Amino acid sequence: METCYDPIKIRELSRRALTSIDSLTALTSSDQAAADALRAVRLTRQNLEDHWIPLLREIEDSTAMVSWLSTALAAVRLSGERTSEWLTHHSPDEPTAENLRVRAAFAEMSDEEVLSWLSFAGDDPFPWNEQDRSALAAFADDLARRVDADDSFAEQLVTLAPTIPLIAMATGEAAFPGTFTGDVIIAMLHSTPWFGGLDAHAEAHAVQVAMSALLEEPAKCLDVLADAEALFALARWPLLDTTILQQFATAGLYEAVLLEGKSLEDGYEVLAELTRLANGPLDGGMQPGMARGVAISMTGYIDTLAPAVRHEGSNPVLVIDQRYDIEIDLGTYDEVVDLFGALMRDAPAQAALGAALGGYTIAVVNGLGENITEHLGLDRVTRFADLLGDAARVEQAELVMAAASEETFRRQLGGMARFGIDAGLTASGVGVTARSLASRASKAAVDWAARVDPDEMPDLGIPSQTYDLITIAALALVVDTPALRSSLGLGGVKDNSWDNIEERLEAVEESSSQHERVANMSVLNRYIEDEVPDVGGYVRDVRNVEGLAELTEQRGAVGED
Amino acid sequence: MNIIQATRLRERARHLRGLATAMEASPAMNLDHHAGDDTWRGRKPSLCRAILAANLHQLHAAAEDLRWQAYLFEQQALEIEIMVRRSIVLAG
C-alpha cells in the first residue's frame, strides 16, 4: 500500500480536525446521566489529539509538501486553474543511466527470459553496480508489472524465491501485490533455516526487506504468521533483525485485527500455535523480536484472554467471543503459563506484558464506573495477574514485570486498545494508533529494561502490584468523576477530603523509587481508613473481588520456588 | 413527590437532549467524509480512519442513550404531575 496524500486536502483535514477537537472540548455536563456520553466524547477527542493531529503535522512538515508546492504553484500559474495532484511519499529518483539501461533491457525480455536471467543471476542478491540502487528499482518495477499480469509467472517466482534472494529484495523496491510478497516470505521461511555464513546473512536480509515491505498490509502479515512452519522459522531465526520481526509480529497480531475484527480468530490461532511451540521446540525461548511483538500485541487480546483464565493446572484456557463467533482452545493453563514464560525471557517483552496488565487493570476499573463494587470483570484482572505471576516466577522475571506495571511506565503507552468487542468493560476504547503504540512500547520497553536498577526492584511481585493498581485506579475513578460519587455512596464526602486523596494519589504516581512508592501507598491507605471512612468502605468493597486477596500473598524471593 | 421534582426532571431531559444534539452537530461526526482515499492513503491513515469509525459509532450510540434517558425522565415527570393533580383534586 503506497503512502500518499493530497496536500490541499490534508490542510483542510487538519483544520477540520482541530475544529472537531474544539467542539468536543466544549461538550460538558454535570448530569450524572451524561457520564457515559462524555466518556465517549473524551475518547474521540483523545484519538484526534494523540494520533490524527501528529500524523497530519508530520505530513504537512514533510519535504514532499514543499516540493509539491513549488511544482503546483508553477502549474497553477501556467494553467490558471487550481490543481490537485498525487504525490508518493517517496518521490522516485530521477532515473540514472543504469536505471534506464536495465529498464530497457528487461522490457524486451519475455517472462521465460526473465526467469532464465534470474536463474543465471543465482544467489547474488545484487548483480548490478551496488552504488546504483536505481537499477534494482528498475528491475523490481518490471518484475512487479509481470507478477500483476500473470499469476503463473508469480507462482514460478515464489518457487524460485528460496534460492534467489534477489526476488525478495525486489519486493522492497516496487509495489508488488501483498499476497505475492507474503507467499515469497513463506516460501523462504519453509526452506532449511540458514544459521551461519555470508549467504545466510544475505538471505536473512532479503527476507527482512520483504517483511518490511509487507508492513503496509497487516492482514498479509497475519497470513504469514498463520502458516505454522513460517511462524516456527520466524520465532527461532536468530539472524532476523529484532525490530523488523517485532514490527511484523505486531502488524499481524495487532494491527490486522484492529482493522478487521473478524481476524481476531486468526490471531488466536497464531497464539495457540505459539503456545504449542512454547511447550515443545521453543521451550528454551524464542527470538526476541517475536517475543516483543507478541507481548506488545497482548494489549489487544487481554480483554478476551483474561476471561478465559478460569482454573489452573490442566484445565483448558478456552477463549470465547460471541460477537465474532470465536471458540478457541489455547491450551491448558500450564501450557499458557509456559507461553508467557517463553515471552518473558526477553526483558522488554516482560515490560510490555507488565504494561499491558497495568493498562487493562486501569481500563477495567474505569469502565466499571459506578458498578465497580459489583466487580463485574475485575475478577478477570486478578486471575490474569495470577497467571502472569506464575509464568514470571518460573522465569524469574517477576520483579521486572512488577515494576513495569507501574503507572508511570503504563502512561508512556498512552492507553490501551482492544479489538472492537462491545462491552462496558473498557473505557479506553480504540483510542490509539497501533503503529504508534507498538513503536512507543518497544522503545519504552527497551529503554526501561536498559536502565533498570536491581536495587530499585519492588519487594513484591506482579500480583501484589496489581492489588495496589486496582486500589489506585478505583480511587482515581471517583476523584476524576464526581458524577459517580453519589451512586457509590460517597456523596457526603467533603471537597477538601477529595483534594487530600488526590494529593496523596499524585504522590504515589510521582514516586521516584519503589520504596518511596510503597511508603506513599501506606500514607494513602492510612488517610482513607482513618479520615474518610466512606471512601475506606468503598475501597474495601472494590477489593472484595474474587482472587484479589490471593494477590497479596507474599511470594518467595526469586529462585526460591 | 412534588411539582418541583417534575420540573427538575424535565430540565434534565432538555439538557440531555440538547447534549445529544450538540454531539451529533459536532464537526467530528463527519470528519471521516474529508479523510477518504482521495485525501490520504496508507497504513497510518487507514488506522486513523478505523479508530475514528469506532469512536463515531460510540458517539452515535451515546447520543441515542441520552435521548432514551431524557424520555425516561419525561415519563417520570409526567407521572409526578399526574399524581400531584390528583392529590389537589382530592384535597379540593
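**Exercise 1. The core**

Which residues of the largest nonpolar core touch the most other members?

*Solution.* This is a predicted model: local features need pLDDT of at least 70, side-chain atom pairs count only at pLDDT 80 or more, and totals for chains, interfaces and linings use all residues. Residues are numbered from 1 along each chain as its sequence is written, chains are lettered from A and ligands numbered from 1 in the order in which they are written, and side-chain values use heavy atoms, with hydrogens and water left out.

Step 1. A nonpolar core is a set of buried Ala, Val, Leu, Ile, Met, Phe, Trp, Tyr and Cys residues joined through side-chain atoms within 4.5 Å. Buried means under 20% relative accessible area, exposed over 50%, partly exposed in between (1.4 Å probe, protein chains only).

Step 2. Read off the residues. The largest core has 142 residues, and those touching the most other members are Leu234(A), Phe248(A), Met286(A), Met290(A), Phe340(A), Val535(A) and Tyr538(A).

Step 3. Look for another core. A second, separate one has 41 residues, including Ile21(A), Leu55(A), Leu59(B) and Ala70(B).

**Exercise 2. Two aromatic pairs**

Classify the ring pairs Trp52(A)–Trp40(B) and Trp68(B)–Tyr71(B).

*Solution.* Step 1. Rings of Phe, Tyr and Trp (its six-membered ring) pair if their centres lie within 6.5 Å; planes under 30 degrees apart count as stacked, over 60 as edge-to-face and the rest as tilted. The structure holds five such pairs over all chains.

Step 1. Trp52(A) and Trp40(B) have ring centres 5.3 Å apart and planes at 55°, so this pair is tilted. Trp52(A) lies in helix H2 of chain A and Trp40(B) in strand E1 of chain B, so the pair joins two chains. Trp52(A) is buried at 0%. Trp40(B) is also buried, at 0%.

Step 2. Trp68(B) and Tyr71(B) have ring centres 5.4 Å apart and planes at 25°, so this pair is stacked. Both lie in helix H2 of chain B, three residues apart. Trp68(B) is exposed at 52%, and Tyr71(B) is partly exposed at 35%.

Terms used
Helix = DSSP H or I, 4+ residues; strand = E, 2+ residues; numbered from the N terminus.
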